[in-house]
Amino acid sequence: MSSEREADRDASAEPRWLDAAEKEAWTGLISMALLMPGRLEAPLHQESGLTLFEYMTLSQISEAPGRVIRMSELAYLTNGSLSRLSNVVKRLEQRGLVTRSPDPADGRYTLAALTSSGYELLVAAAPVHLRAVRELVLDPLSKADRRALARIAAKLRTRPSDYHQDAR
């Protein structure tokens with residue numbers, strides 16, 4: 001009951017407006033979050049025909065043990081909904097880059113596996129992506145800036161309570 005009253009009090013409280021430094025930090029973060037994906041995707045799409053989301057999907061599968069991963073875990077790792085990921089993986093499957101199959105350990109889950117063609121495309125696309133990451137993100141920053149960026153990213157990251165690093 002007291003938590004309901006606290007929520008009501010918080011909802012009716014005067015908003016805590018951003019001061020100039022907070023507004024600068026927020027504007028920088030949201031601009032980076034909105035603009036950077038397109039900037040990273042452009043060279044990937046031009047050179048490899050992959051969207052950034054497709055590249056990240058293939059990359060996450062490639063890093064999984066045996067290059068096989070549960071779709072639910074892949075959705076978390078790519079920060080996509082299961083329905084969005086399912087559509088993307090379906091397109092990748094049609095291109096012969098990924099296969100899907102029921103998880104033999106638990107048929108309620110679907111596994112995504114990287115094919116040899118998918119791995120070859122990923123290996124070819126990786127240097128393009130790496131150049132963009134270096135040019136747009138890492139190279140403009142000092143070592144101290146990169147450490148600060150990593151520290152800030154770690155502070156802002158959230159994980160679902162049921163996520164397990166070792167799950168397939």
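Two strands are counted as paired if DSSP finds at least two bridges between them; helices (H or I, at least four residues) and strands (E, at least two) are DSSP runs numbered from the N terminus. The model is a predicted one, in which local features need pLDDT of at least 70 and side-chain atom pairs count only at pLDDT 80 or more, while totals for chains, interfaces and linings use all residues. Residues are numbered from 1 along each chain as its sequence is written, and side-chain values use heavy atoms, with hydrogens and water left out.

The sheet is open and has three strands in the order β1-β3-β2, paired antiparallel. Its edge strands, β1 (68–70) and β2 (98–102), each pair on one side only. On average, neighbouring strands are turned by 25° against each other, direction ignored. Strand β3 (residues 110–114) runs antiparallel to β2 and is joined to it by five bridges. Within this pairing, Pro102 has Thr110 of β3 as its bridge partner.

Two helices accompany the sheet. Helix α4 (residues 71–78) packs on it, touching β1, β2 and β3 (contact means heavy atoms within 4.5 Å), and its direction makes about 90° with that of β1. Axes here are lines fitted to C-alpha atoms, for helices over the stretch in contact, and angles between N-to-C directions run from 0 to 180 degrees. Helix α3 (residues 52–63) lies across β1, β2 and β3 and runs at about 95° to β3.

Charges also sit over rings, a term that requires NZ of Lys or CZ of Arg within 6 Å of the ring centre and within 35 degrees of the ring normal. Arg67 lies over the face of Tyr119, 3.6 Å from the ring centre. Arg84 lies over the face of Phe53, at 3.8 Å from the ring centre.
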